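Here is a short tour for a first-time reader. Keep the sequence and the 3D view side by side.

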Amino acid sequence: MPMTRTLLITGMSGAGKTQVMRTLEDLGYFCVDNLPPTFIPKFIELCLTTKNQNAQLALVVDIRGGKFFKDFSKVLDQLTKGGIHYELVFLDADDATLVRRYKETRRRHPLAGENGLSADIARERDILSQVRQRATTIIDTSRTTTKQLRSKIIQLFGKGGELPPMNIVVQSFGFKYGIPLDCDMVFDVRFLPNPFYIPELKNLCGNDQPVMDYIQEKPVTEEFEKRLFALIQFLLPQYVQEGKSQLMIGVGCTGGRHRSVFIANQLGKFIESCGYGSQVIHRDLIKK
């Protein structure tokens with residue numbers, strides 16, 4: 001796949017470059033932070049020639065590069081002469097906002113000197129003045145919330161102004177083996193009738209029809225599914241609206257072989273019926 005877009009991200013320290021990079025990563029960009037400008041042409045060339053070419057590339061170049069940053073303007077000229085198309089995105093904010101953000105985070109400014117934070121910001125603004133003039137996009141984040149900045153980046157650099165569809169994973173597991181650490185929410189289904197205590201079902205699993213029939217025929221299962229599905233149907237669009245890129249849902253029973261497997265399968269099918277993609281994983285199915 002040929003590379004279709006190259007973004008060079010720069011701007012004032014504290015203006016939101018980290019949040020921009022996180023959003024671009026969610027949009028599928030291959031992101032590299034704090035790359036010395038001298039390496040940019042070769043890095044882009046490498047991305048263009050490799051077999052696994054990245055369709056979208058975003059590189060952050062800023063004052064943290066120290067003495068290397070002075071070569072940035074020359075590198076931009078080199079890219080232009082070489083016929084390499086790029087977009088230069090400059091993140092900015094007013095001095096008062098930058099001072100407030102540094103006070104809140106208690107982080108040290110990259111140019112920290114003896115004259116205080118305001119002097120450091122003024123010095124950085126002076127160093128970046130020529131680069132700012134060459135920017136194809138300038139984003140002022142002075143009065144922009146993190147959510148608003150994320151939305152703006154999606155509109156400017158996302159395909160169709162949207163994030164890729166949220167990745168939803170439903171994972172069954174056994175509590176006796178531990179709760180998965182990466183789950184956003186966990187449902188405990190140990191209250192459902194346990195096929196483990198039915199001799200002819202004990203050695204089967206939640207993927208087998210006799211076990212499925214046994215669990216599904218219980219009134220408590222029907223009531224639980226109704227309530228669970230209604231909750232999930234309500235939550236999914238809320239997570240999409242918030243910009244969540246991945247949702248992990250855990251479903252646990254004692255051993256992770258019968259009830260959790262069945263409910264996870266049912267939940268995955270329901271999510272698909274609501275128009276979302278889902279992946280169902282049975283973590284402890286093969287364990288005895």
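Helices and strands are DSSP runs, numbered from the N terminus; a helix has at least four residues and a strand at least two. The model is predicted.

## A histidine in a loop

Start with His109. His109 sits in the loop between α4 (95–105) and α5 (117–133). Its relative accessibility is 4%, so His109 counts as buried. A polar atom of the His109 side chain lies 2.9 Å from the backbone nitrogen of Leu111.

Leaving aside residues up to four places away in sequence, His109 touches Ser13, Tyr102, Leu117, Asp120, Ile121 and Glu124.

## Two paired strands

Strand β4 (residues 87–92) pairs with β5 in the parallel sense, over four bridges. Phe90 has Ile138 of β5 as its bridge partner.

The side chains of β5 (residues 137–140) alternate. Thr137 and Ile139 point to one face and are buried.

Asn34 is not a glycine, yet its phi is positive, near 60°. Asn34 lies in the loop between β2 (30–32) and α2 (40–49). Asn34 is partly exposed, with a relative accessible area of 32%.

Arg106 is not a glycine either, and its phi is positive at about 60°. Arg106 belongs to the loop between α4 and α5. With 79% relative accessibility, Arg106 counts as exposed.

## Salt bridges

How many salt bridges does the structure hold? There are 17. One of them joins the side chains of Asp94 and Arg143, at 3.6 Å from N to O. This pair links distant parts of the chain, 49 residues apart. Asp94 is in the loop between β4 and α4, and Arg143 is in the loop between β5 and α6 (146–157). Asp94 is partly exposed at 26% relative accessibility, while Arg143 is exposed at 73%.

Other pairs lie within a helix. Glu104 and Arg100 meet in a salt bridge of 3.4 Å, N to O. They are four residues apart in helix α4, so about one helical turn separates them. Glu104 is exposed, at 56%, and Arg100 is partly exposed, at 40%. Glu223 forms a salt bridge with Arg227, with the closest N and O atoms 2.8 Å apart. These two are four residues apart in helix α8 (residues 219–242), so about one helical turn separates them. Glu223 is partly exposed, at 32%, and Arg227 is exposed, at 59%. Elsewhere, salt bridges with shared partners join Lys17, Asp33, Asp62 and Arg64 into one network.

Key
Residues numbered from 1 in each chain as written. Predicted model: local features only at pLDDT ≥ 70, side-chain atom pairs only at ≥ 80, totals over all residues. Heavy atoms only, no water. Buried < 20%, exposed > 50% of the residue type's maximum accessible area, 1.4 Å probe, protein only. Polar contact = N/O pair within 3.5 Å; in protein donor to acceptor, adjacent residues only side chain to side chain. Contact = heavy atoms within 4.5 Å. Pairing = 2+ DSSP bridges. Salt bridge = Lys/Arg side-chain N within 4 Å of Asp/Glu carboxyl O.
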